[in-house]
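Hi everyone, thanks for making time.

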Amino acid sequence: MPAADTYFPILLLFVIAVVLAGVILLIARLITRFAIKPREGEAKYTVYESGVNPLGDARLRFSIKFYLVAMIFIIFDIEVVFFYPWAVVFRDMVKESPLILWEMLVFVAILALGYAYVWRKGGLDWD
């Protein structure tokens, strides 16, 4: 069982973090209460910071294509992340098993097929 003095730095760090967070919140509350006095009719209290009057509805409808392209980008981006560890261990792994190259080629082929499918279905068209 470790001694209590091994946990003392963690406890001290936790106490300092809680006290510092409380002090920062207290200072922020005091500054906003006494330093900033709202003036009526000022443009900065409108909906936009620039003072421009809002035009139209704030709830605009976005095309579903925007979200589809964003999701496709995320999926392919995550898939490409698998190339980095493969590239790092490639030289060492080829000596042990030459199948690592073929496995990555199959992975790239599946990725290319997915990309071709999305392109053929029109998932990348903005029209």
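This is a predicted model: local features need pLDDT of at least 70, side-chain atom pairs count only at pLDDT 80 or more; totals for chains, interfaces and linings use all residues.

**A walk through the helices**

The accessible surface comes to about 11,900 Å², and carbon and sulfur atoms own 71% of that.

What's the secondary structure? Four helices and zero strands, so reading along the sequence you get α-α-α-α. As for contacts between residues at least 6 apart in sequence, 53% of them join residues at least 24 apart.

Now the packing, and let's start with helix 3, residues 83–96, and helix 4, residues 99–121. Their axes come within 10 Å and cross at roughly 155 degrees. Anything over 145 counts as roughly antiparallel, so that's what we call helix 3 and helix 4. Who makes the contact? From helix 3 it's F83, W86, F90, M93 and V94, and from helix 4 it's I100, L101, M104, F107, V108 and L111. By class, that's 11 nonpolar residues, with no polar and no charged ones.

Next pair: helix 2, residues 64–81, against helix 4. Here the axes come within 12 Å and cross at roughly 170 degrees, so helix 2 and helix 4 are roughly antiparallel too. Helix 2 brings I72, F76 and E79, while helix 4 brings F107, L111, G114, Y115 and V118. This contact has six nonpolar residues, one polar and one charged.

Methods:
Residues are numbered from 1 along each chain as its sequence is written. Side-chain values use heavy atoms; hydrogens and water are left out. Helices (H or I, at least four residues) and strands (E, at least two) are DSSP runs, numbered from the N terminus. Contact means heavy atoms within 4.5 Å. Accessible areas come from the Shrake-Rupley method with a 1.4 Å probe; for residues, only the protein chains shown count as cover. Axes are lines fitted to C-alpha atoms, for helices over the stretch in contact, and angles run from 0 to 180 degrees between N-to-C directions. Angles under 35 degrees count as roughly parallel, over 145 as roughly antiparallel, 65 to 115 as roughly perpendicular and the rest as oblique. Ala, Val, Leu, Ile, Met, Phe, Trp, Tyr, Cys and Pro count as nonpolar, Asp, Glu, Lys and Arg as charged, and the others, Gly among them, as polar.
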